[in-house]
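Trainee: I'd like to take a close look at one spot in this model and then see what sits around it. Could you walk me through it?

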Amino acid sequence: MSITTEELIQQRLEEERRRLAEELGVEQVERKHHERPKEHRFTASQRPHTTVLYGGLTLKHERLIHGALKGLGYNPEALACPDVAAFQLGKEYGNNGQCNPTYFTVGNLVQHLQGLEKQGMSRQEIVDKYVFVTAGACGPCRFGMYEAEYRLALRNAGFDGFRVLLFQQSGGLNQAGEADGMELNADFFLAFINALNMGDVLNDVGYQMRPFEIEPGSTDAAMDQAMETLHDVFATKRNHLLESRMGAFLKALPAVGGMAETAGKFADALVGRDYIDALADVADTLRTVRIDRTRVKPIVKITGEFWAQTTEGDGNYKMFPFLEREGAQVLVEPVGTWIMYMIHQAKQGNRDRQGVNADEAMPAAWRVDKRMAAELKARRKNAALSFAEAVFTREWNRLREALGNIPHELTDQYELQRIGHPMYNSRAGGGEGHLEVAKNIYYSNKDLCHMVLSLKPFGCMPSTQSDGVQSAVVNQYKDMIYLPVETSGEGEINAHSRVQMALGEAKVKARDEIERVLAETGRTLDEVREYAEAHPQLQDPLYKVPHTKGVIGTAATFVKHVDGLMRSGAHATAAVPAGA
Ligand code: SF4
């Protein structure tokens, strides 16, 4: 019987392995592959008496996700923001050599479960009555290992069998799972995405208001009230469906076919007014805060690794309140950029792989029909992703509009790729890929910030890689103030003092800018402030001050705008009013 080349290679390999083992006296043991530990299923019937734990984002995102999960019929509970004690637990129970978001997030779950135990629950009760849901990926960085890390730490901490449910961040709108207690369907993802987007725009507005509030604490008080309004909307919103006129229309279209329900939900997300109307109420609440835009503050753009730039606790040394205390205006990064990045990368990957998959092999040249069919298939894939991009951008812009266009626009992924690719190959995946480099150039060159602060976790492979490239970037763009800070569980004082030093430079840049603008306009800050006091619309946090080319700071931009109004004699409401 003849054997194939492959079989021959395997046979030779086996013989050689045996020979070497005998020679070196190594015992041949049967190979056992790792298998995912068996867990109890989370079934639909368990849903009423099971608590769904989640975490890892900002407080606003988590509050809205709470509402969204409640609206979908779950009993949700957000984990507290991870602190140093959680980090220590992550180190104690997890593997060595992980990146520090792993320690913080894994330790945070263990800490929460230990807290339940201290309150008197038995471990078995905790395992039976709680599940944890989180996003997962298959790498290429350590993010792909999070699920395994959770399981390992839980087992080491004595919570063997605790259920960790995973949805794939790139898995699309329907991820039918083995745990039907958690339905990862279009309803889940649309509610989740809406909660993320609203959390993003509100975070953005909050960071633009707080440094300028006339009455200390008024922004946070108004935001808390706004969050409760939105939470209730999420908790009570009836998720679409095909009863809507748009849904019925889509269902009737043959081309939409089996996609009718998902497409209908998209349409609902496109035309539904529930969230937008709720934001109009939120806008009224925020307008009760009065702000003074003549305060001169450097704008610090936050970039870096996804988790480190998002968390609001010890995971980044509580960097955002620290910066505000030091007199800066913080420009945070929305989760929306990450969602658009994933779509962008998926499109690029589809184009790159066209014709490479076995079932897509290029037909013979004379089979024009087959070639056209293959081309159509490839185009259809990307058309669906382009549609998702358009829907997402439109939704985002509707939310911005409802808040007077005060939240920033989504950064154009194609522009980021164009800027970043020459320095950092946009096909190099893992972490933020080319985004760290591209955002540094983008925000500095478009007059959007005085300084870029990149928060990079200790042990993060992609961040270490982009750090090497950033030195070339800084060399090329001499005016840039860029500071990378490595965040580990410890070292807060050192990190804060490094930030203070770079911030000193940014403050000088902001002061030089305001002096230049005051000289150009012939105004004084007192004069501009008095004019704003006489025109209360100008103290409205949702009053849109147009951007002036070459001007970065809020105070400098405001002086330019007020100078224009004073010269023309136009009333302040002549500028774009909130909600327009
Ligand atoms: S991007 Fe860095 S910090 Fe984040 S999961 Fe990957 S390796 Fe860890």
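Which does asparagine 405 count as, buried or exposed?

Mentor: Before we zoom in, note that this is a predicted model, where local features need pLDDT of at least 70 and side-chain atom pairs count only at pLDDT 80 or more, while totals for chains, interfaces and linings use all residues. Residues are numbered from 1 along each chain as its sequence is written, and side-chain values use heavy atoms, with hydrogens and water left out.

Now your residue. Asparagine 405 counts as buried because its relative accessibility is 18%; the cut-offs are under 20% relative accessible area for buried, over 50% for exposed and partly exposed in between, with a 1.4 Å probe and protein chains only. You'll find asparagine 405 in the loop between helix H15 (368-402) and helix H16 (413-420). Helices here are DSSP runs of H or I with at least four residues, strands are runs of E with at least two, and both are numbered from the N terminus. Look across to tyrosine 543: that residue is 138 residues away along the chain, yet its C-alpha atom is 8.8 Å from the one in asparagine 405.

Let's move to leucine 403. Skipping neighbours within four places in sequence, leucine 403 is in contact with Val201, Leu202, Val205, Leu279, Val282, Ala283, Leu286 and Leu542, where contact means heavy atoms within 4.5 Å. Leu403 is also named, along with Met182 and Leu286, among the residues with the most contacts inside the largest nonpolar core, a set of 57 residues. Such a core is made of buried Ala, Val, Leu, Ile, Met, Phe, Trp, Tyr and Cys residues joined through side-chain atoms within 4.5 Å. Helix H7 (residues 186-209) gives this core its largest share, 11 residues.

Two other loops are worth a stop. Tyrosine 317 sits in the loop between helix H12 (306-310) and helix H13 (319-325), and its phi is near 60°, a positive value in a residue other than glycine. At 2% relative accessibility, tyrosine 317 is buried. Aspartate 447 lies between helix H17 (435-445) and S7, again in a loop, and has a positive phi too, near 55°. With a relative accessible area of 17%, aspartate 447 is buried.

S7 (residues 451-457) pairs with S5 in the parallel sense over five bridges, pairing being called when DSSP finds at least two bridges between two strands. Valine 300 of that pair stands opposite methionine 451 in S7. S5 is also joined to strand S6 (residues 329-331), in parallel, by three bridges, with glutamine 329 as the bridge partner of isoleucine 299. S5 itself (residues 299-304) has six of its six residues buried. Both of its faces are covered, with Ile299, Lys301 and Thr303 on one side and Val300, Ile302 and Gly304 on the other.

Elsewhere, strand S1 (residues 51-54) runs parallel to S3, joined by three bridges, and valine 52 has valine 131 as its bridge partner in S3. In strand S3 (residues 130-136), six of the seven residues are buried.

Leaving out neighbours within four places, glutamine 114 touches Leu89, Tyr93 and Phe159, whereas histidine 112 touches Leu53, Glu77 and Leu79.

Among the residues around it are Cys99, Pro101, Arg142, Glu305 and Pro457, each having a heavy atom within 4 Å of the molecule.

Zooming out, the protein has 21 helices and eight strands, and buried residues make up 52% of its 580 residues. Among contacts between residues at least 6 apart in sequence, 76% join residues at least 24 apart.
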